[in-house]
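I opened the model to look up helix packing, sheet order, nonpolar cores and aromatic pairs. My notes are below.

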Amino acid sequence: MTIQRFICNFIEENCYIVSDDHGQAAIIDCGAYFPEEKQAIARYVSDHGLTLVENLYTHGHFDHVFGADFVHTTYGLLPRLSTDEQATYAAAAEQMRMFLHRDFPLLLPTPGAPFAEGDVIAVGTLRLRVIATPGHTPGGVCFYEESEGVLLSGDSLFDGEIGRCDLPGGDEDTLVSVLQRKVLTLPEDVTVLPGHGDATTVGREKRYNRHLR
């Protein structure tokens, strides 16, 4: 499994491309806004001979979906979110106005097939299992590749922090509970790749994350 991170837009959101040994790939949380960010992603895909087969999102906040139209236009892939996250995605422009107090161009393609808790999304030889982690948003998820020991946690879990829950649809008690039950019970050496900031591990979060003790 090869993983490439792209830090995107003015919120410094993490977009990831994950690929198998045969060049089958998924792009996760494409928040690319500026032309140079989109060019960097397209160049990486081209230079590495990748075939993008999935356009996946851990949740629908504006900073994570800025690039949804770019991926759809360039690679013909509709954005996919959880069944419970469709409303958050549809309200991305409203979130942006509330959070930034201004409008930026934001095109939102119609979502593709939704996924739900326990679904397994095949990306070549990779298997991304959907773990529902509501609380930051109602339909937020993590993607877990068990054989590789990698969890893409979106904005549910960060290095030493959890996602903010004071935005519409957020609920801190729910998020803490699901992280304790579904994420901290994974093997401690699982690498956690969050939606912002640097990687951590399940073991580190079990020991040091003040929200999850």
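The entries follow in the order in which I looked things up.

**Ground rules.** I worked on a predicted model, where local features need pLDDT of at least 70, side-chain atom pairs count only at pLDDT 80 or more, and totals for chains, interfaces and linings use all residues. Residues are numbered from 1 along each chain as its sequence is written, and side-chain values use heavy atoms, with hydrogens and water left out. Helices (H or I, at least four residues) and strands (E, at least two) are DSSP runs, numbered from the N terminus.

**Helix H3.** I began with helix H3 (residues 68–75) and asked which of its residues are buried. They are Ala68, Phe70 and Val71; buried means under 20% relative accessible area, exposed over 50%, and partly exposed in between, with a 1.4 Å probe and protein chains only. These residues cover an arc of only 165° around the axis, which puts them on the same side of H3; the arc is that of the directions from the helix axis to the C-beta atoms. I then looked up the cover over them, which includes strand S3 (24–28), helix H1 (35–47), strand S4 (51–56), helix H2 (62–65) and helix H4 (86–90). Just after H3, I noted a positive phi of about 70° at glycine 76.

**Cores.** I took a nonpolar core as a set of buried Ala, Val, Leu, Ile, Met, Phe, Trp, Tyr and Cys residues joined through side-chain atoms within 4.5 Å. The largest has 28 residues, and those with the most contacts inside it are Ile17, Ile27, Cys30 and Ile41. Two or more residues each come from strand S1 (2–8), strand S2 (13–19), S3, H1, H2, H3 and helix H5 (92–100). I also found a second, separate core of 18 residues, with Leu157, Leu186, Val190 and Leu212 among them.

**Sheet.** I traced an open sheet of six strands in the order S5-S6-S7-S8-S11-S12, with mixed pairing; two strands pair if DSSP finds at least two bridges between them. Strand S5 (120–123) and strand S12 (200–201) stand at the edges with a single partner strand each, so one side of each has no neighbour in the sheet. S5 and strand S6 (residues 126–132) run antiparallel and are joined by four bridges. I checked two partners in S6: leucine 126 for valine 123, and arginine 129 for valine 120. The hairpin of S5 and S6 has two residues between the strands, and glycine 124 there takes a positive phi near 60°. Four bridges also join S6 to strand S7 (residues 141–145), again antiparallel. How much of S6 is buried? Five of its seven residues are, so S6 is largely enclosed by the rest of the structure.

**Aromatic pairs.** I found twelve; rings of Phe, Tyr and Trp (its six-membered ring) pair if their centres lie within 6.5 Å, with planes under 30 degrees apart counted as stacked, over 60 as edge-to-face and the rest as tilted. The rings of phenylalanine 10 and phenylalanine 66 have centres 5.7 Å apart and planes at 80°, so this pair is edge-to-face. Phenylalanine 10 lies in the loop between S1 and S2 and phenylalanine 66 in the loop between H2 and H3, so the pair ties together parts 56 residues apart in sequence. Phenylalanine 10 is partly exposed at 32% relative accessibility, whereas phenylalanine 66 is buried at 6%.

Key
Contact means heavy atoms within 4.5 Å.
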